[in-house]
Amino acid sequence: MIEEYVRCIHCKVVYRHRVSGSGCFDAYNDKDYCHDCKEVIVNALEKVGPRAESFWGPCNDITVDEIEKELGRRDAESGLTFRQVFPGYVDMEDPDNRYITGGIRINGKDFTYNYWTKRGEKEVKIKMERDLQTGQEFVWRDYRSRYR
Ligand SMILES: [Zn+2]
């Protein structure tokens with residue numbers, strides 16, 4: 001377990017933040033807010049509820065071969081590309097049949113792909129947004145601040 005002492009950005013008390021291990025996923029454990037302030041935030045946000053959700057939708061705009069080519073280009077350019085790690089599967093009857101999966105962001109769009117090396121179909125999915133009030137669907141874009 002890793003813990004750190006940090007100052008709450010709201011009430012300014014010094015508190016113990018659990019970075020990893022037991023308790024790190026507790027609802028009120030937060031790197032910015034103490035337990036009391038985070039409890040108020042969580043309870044207040046429960047009344048609002050989400051207005052959109054993300055999901056992985058089918059995608060025909062790009063192929064797995066094009067994604068792997070782009071990953072190879074980035075590797076060649078930078079030496080080592082930072083990649084997301086995805087859980088894989090194992091073919092218990094044929095260990096040579098490898099499951100290949102991964103993800104990439106291209107021009108702000110997030111894609112995942114997967115396939116078995118000995119089976120034909122290669123699948124690409126794109127991260128989508130669904131407006132929970134209208135049902136409309138759009139390509140997901142991350143609007144998080146890049147200055148944090
Ligand atoms: Zn606080």
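The protein contains two helices and seven strands. This is a predicted model. Along the sequence, the elements run in the order β-β-α-β-α-β-β-β-β. The radius of gyration is 21 Å, well over the 15 Å that the globule rule gives for 148 residues, so the protein is more spread out than a compact globule. The C-alpha atoms occupy a box of roughly 55 × 40 × 35 Å along the principal axes.

The chain is divided into domain 1, residues 2-46, and domain 2, residues 52-139. Between the C-alpha centres of domain 1 and domain 2 the distance is 34 Å. Of the 148 residues, 5% count as buried. Among contacts between residues at least 6 apart in sequence, 36% join residues at least 24 apart.

Ser22 gives a local view. Ser22 sits in the loop that links strand S2 (14-20) to helix H1 (35-46). Ser22 counts as exposed because it has 8 C-beta neighbours inside 10 Å, and the cut-off for exposed is 12 or fewer. Ile2 is 20 residues from Ser22 along the chain, and their C-alpha atoms are separated by 9.1 Å.

Helix H2 covers residues 64-78. At 1.5 Å a residue, its 15 residues should span 21 Å, and the end C-alpha atoms are 21 Å apart, which agrees. The number of buried residues among the 15 of H2 is zero, so the helix lies largely in the open. After H2 comes Gly79, with a positive phi near 90 degrees.

Notes. Residues numbered from 1 in each chain as written. Predicted model: local features only at pLDDT ≥ 70, side-chain atom pairs only at ≥ 80, totals over all residues. Helix = DSSP H or I, 4+ residues; strand = E, 2+ residues; numbered from the N terminus. Buried ≥ 20, exposed ≤ 12 C-beta atoms within 10 Å, placed from the backbone. Domains from an automatic or database assignment. Expected span 1.5 Å × (residues − 1). Rg over C-alpha atoms; globule rule 2.2 N^0.38 Å. Contact = placed C-beta atoms within 7 Å.
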